[in-house]
Each structure stands twice: as C-alpha cells, then as structure tokens.
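Here is a walk through one protein model, written for someone who has it open on the screen. Take a look at the sequence and the fold before reading on.

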Amino acid sequence: MQEGNKRREPINQLCAAVLFLTTALLVCLLSRLKGFDTAGIISNTVLSGIGAAALVLLILDTKRRGGLDYDNARHPLRFLLLYVGCLLVAAACIYLPAAGWQFLAIYIALALFSDSLIGICAGTLLLALSVLLSGCGIPVFVLYFLCGTAGVILFRGLDETYRIGMPLFLTLLLLLTGETAAIVLFANEQLKLSLFQIPLLNVLISLILLLILLKCFSALVIFRYRGKYLEINDTEFELMVRLKEKSKEEYYQAVHTAYFCERIANRLSLDTQALKTGGYYHRIGVLCEHNTWEEVEKLLAGYQFPPAASALLKEYLDEGTGIKKKETAVLVLSDAVVAAILYLISRNGDQALDYDRIIETVFKKKLETPLLQNCNITMEELTQMKKLFKEEKLYYDFLR
C-alpha cells in the first residue's frame, strides 16, 4: 500500500500543477473576453492563482489529514477531470442569469469524489471566480455558498444504504428558498409568480444533475466492489476451500465469526461487506508460515481484495497499528465470543452453558486490555453488540 502511495505521488503532483495552471489560464482568457482592462485581467488572474494554489496545498495535504473519503485517493486523475469539467461549467455560468447557476451540483460532485473539505473549498473557488467575472453581488455568492455547503454536509458519508431521498429533498428546498430570498426578493423587491420561472427551472435542472451524479457515484464508488465481495464472501471461494482443507476448525471458526460480523454490522450501520470479509479471512494466515499481515498481504495480493476489507484485515493482524475502526473491534469481539463458545462446547459436550455469562466475561476481558483503548466504538454500540450475541442462543445450540 505504501508503494502504491509512492507511485501515485508524481501523478498527484502533476494533477495539482495542471489544476493550478488550468484555473489561472482560463480566468485570464475569460477576463479578456469579458472586456476587463489590463489591470483587471492581472488582478483576476492573480486572485484565481492564489485560490488555486490554496486548493492545491489542501489536496497535497490530504495524507496528513487522514486521506480522502472512500477510495478517492487512488484516483487523482478522476478528480482532476471532474474539476476541469466543473471549471468549464463555472465559466459558462458568467454568461447565464445568476438564478440559473448550477453550483449546488458542483459542490456535491467535488465533495463526493474527494472529501467534504476539498469539495467545499473547490466549489467556493469556482463560485468566487464566476461572481468575480460576472459582476454579480454578494447575495448571489452567499446563496450558492450556503446551499452548496449544506448539500455537501447532507450527502456526506453516503454508503451502501444509499439513502438519498431526504438529502435530495432538503438541498433542493434550500436552493429554492435561497433563490427566493437572495435573487427574487433582493433583486426585484417584490413577489411575482413570473419571477420564479428561472429559480424553478434551476431546481429542476439541479435535480436531474444530482440524480445523474449520484447514479455515477454509486456505480464508480459505493457499489464498485459489489461483484468482488460476492465472489470472495462465498464459502466455496478458492481461499476458503484451501482454509477448510488446511483446518476445518479454523474454517468453521471463520464462518461463524463472519455470520456475527454481518449481523452486528447491519445493526450498527457499519461496512457490512468489509466486516463480513474480515470474518471470513481473519484466520487465513494459517495458510502462511506466519499469521502476520505481511504474510497475509502476499497471500491476498493476487485476489484483488477491496481496499476497505484489506484495511480491516491489516488493522486486525498488524499488532503495531492498534485498533481504531469500529469494524475491527466488532471482528475482534466476534472472534473472541465464537472461540470461547466453541471451546466450551468441545469441553462440556451436551452440558448446558450459560451463554450470557460467557459473553459478559469475553467482553470484560477484552475491554480490560489496551487492545480497544484507542478505538472509536461507543459504549452504546458495545451494549448493542452484547445484546445481539445474547439473542443468538439457538445459533449456539446449533454449533453443537
């Protein structure tokens, strides 16, 4: 993974340079076309260059900030192409009525394919350039800045549940309300039905653009690894078959752990597929000489595991990284509960077991260790986990 980051470093720097030059040169050209004098052209170009430079520094600083959302860090060219497209749309906006500008979609698009901070900063840069070159007033800037920022926040963290209904409704409602306040009333100081034609058309176009954007985003990002997860989370997958042939005990331990990982992930709204994969493959190291992340990484190299699943397995197996993700904590506790119950069943045969007591003991011992000390899982979520484990008494009897 570190080698992949090093290989992408020159690409990131090249994309940053292209972003900066494209922004400054296009603003210079548009300033000439809009009839600015020499001083105005220089001023606009310098201001756009400063804004683009700040955006570039922010993009190059993503590693220190914890990386981009989803797998966007792996696709710098995709973001560059999207940014250039949005830049051209912003350039076209200076020739359109301010009530018809499409900055809501621009903000959300830039954020979804990078992260919220970069999306807001990039969208604001493009909005400022359009306002600067068109001569529109501060109310127009405030309108699209607030609506765009709200849109980014509402669509932040979009996952496989794909709950877009309420965010879509609220962002479009905010856009219509904002246009009424900042453009219809501010510019005309009166309320007439005919004045809403362009704002309503803007809302309709924004709806269409957002639906197209979200469809592309789901195909390229959210559900990109759906097929791969279906393949590797099959008990007949090659690696699982090899695990079963090597050790049936480890195989069934993994299968039962994956069952609980999936159930808990659904209840706590975690990454279900990645967590289920972790359940299946957290013991795959028995196929290697040592059950370490370095060995497992080599084993998985040819199977193209999704990044989220690989990161989960790395955090679980690599003792030096420490556990921070909630999904990893779920995997640790699920494995511990299953291991404890299977062990006691093998020792006690048909004798009845106090499953509630076993579960409480496992959680108590795990939480007393420094293993989960830096994990961001909450006590409420741990309580929900214990509750689910205690509800599965029939499943434990099935293990006999």
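Let's begin with Ser48, which is buried, at a relative accessible area of 0%. Buried here means under 20% relative accessible area, exposed means over 50%, and partly exposed is in between (1.4 Å probe, protein chains only). Ser48 sits in helix H2; helices are DSSP runs of H or I with at least four residues, strands are runs of E with at least two, and both are numbered from the N terminus. The Ser48 side chain reaches the backbone oxygen of Thr45 at 2.8 Å. Around Ser48 you'll find Thr23, Ala24, Val27, Leu125 and Leu129 in touch with it, leaving aside residues up to four places away in sequence. A contact means heavy atoms within 4.5 Å.

Thr23, in helix H1, is buried too, with a relative accessible area of 0%. Its side chain and that of Tyr83 are joined by a polar contact of 2.7 Å. A polar contact is a pair of N or O atoms within 3.5 Å; within protein, one must be able to donate a hydrogen and the other to accept it, and residues adjacent in sequence count only if both atoms are side-chain atoms. Not counting residues up to four places away in sequence, Thr23 touches Ser48, Ala52, Tyr83, Leu87 and Leu129.

## What you're looking at

This is a predicted model, where local features need pLDDT of at least 70 and side-chain atom pairs count only at pLDDT 80 or more, while totals for chains, interfaces and linings use all residues. Numbering runs from 1 along each chain as its sequence is written, and side-chain values use heavy atoms, with hydrogens and water left out.

The chain has 18 helices and zero strands. Its C-alpha trace spans about 90 × 50 × 35 Å along the principal axes. Of its 400 residues, 46% count as buried. Take the contacts between residues at least 6 apart in sequence: 74% of them join residues at least 24 apart.

Helix H3 covers residues 76-93, which makes 18 residues. From first C-alpha to last, H3 reaches 26 Å, close to the expected 26 Å; the expected span is 1.5 Å times one less than the number of residues.

Which residues of H3 are buried? They are Pro76, Phe79, Leu80, Tyr83, Cys86, Leu87, Ala90, Ala91 and Cys93. These cover an arc of only 145 degrees around the axis, so they lie on the same side of H3. The arc is taken from the directions from the helix axis to the C-beta atoms. On the face turned away from that buried side, H3 carries the exposed residues Leu81 and Leu88.

## Two nonpolar cores

A nonpolar core is a set of buried Ala, Val, Leu, Ile, Met, Phe, Trp, Tyr and Cys residues joined through side-chain atoms within 4.5 Å. The largest one has 63 residues, and Tyr83, Trp101, Phe103, Leu126 and Tyr144 have the most contacts inside it. Helices H1, H2, H3, H4, H5, H6, H7 and H8 each give two or more residues to this core. H4 supplies the largest share, ten residues.

Tyr83 touches Leu19, Thr23, Leu55, Leu110, Ala122, Leu125 and Leu126, again not counting residues up to four places away in sequence. Apart from this core lies another, of 35 residues, including Ile264, Ile341, Tyr395 and Leu399.

## Salt bridges

How many salt bridges are there? The count comes to twelve, where a salt bridge is a side-chain nitrogen of Lys or Arg within 4 Å of a carboxyl oxygen of Asp or Glu. One of them pairs Glu250 with Arg283, with the closest N and O atoms 2.7 Å apart. Glu250 is in helix H11 and Arg283 in the loop between helices H12 and H13, so this pair ties together parts that are 33 residues apart in sequence.

Arg263 and Glu392 form another, at 2.2 Å between the closest N and O atoms. This one links helix H11 with the loop between helices H17 and H18, 129 residues apart. Arg263 is partly exposed, at 30% relative accessible area, whereas Glu392 is buried, at 8%.

Glu381 and Lys326 also meet in a salt bridge, at 2.8 Å from N to O. Glu381 belongs to helix H17 and Lys326 to helix H15, 55 residues apart. Here Glu381 is buried at 12% relative accessible area, while Lys326 is partly exposed at 22%. Salt bridges that share partners also join Glu250, Arg283 and Asp335 into one network.
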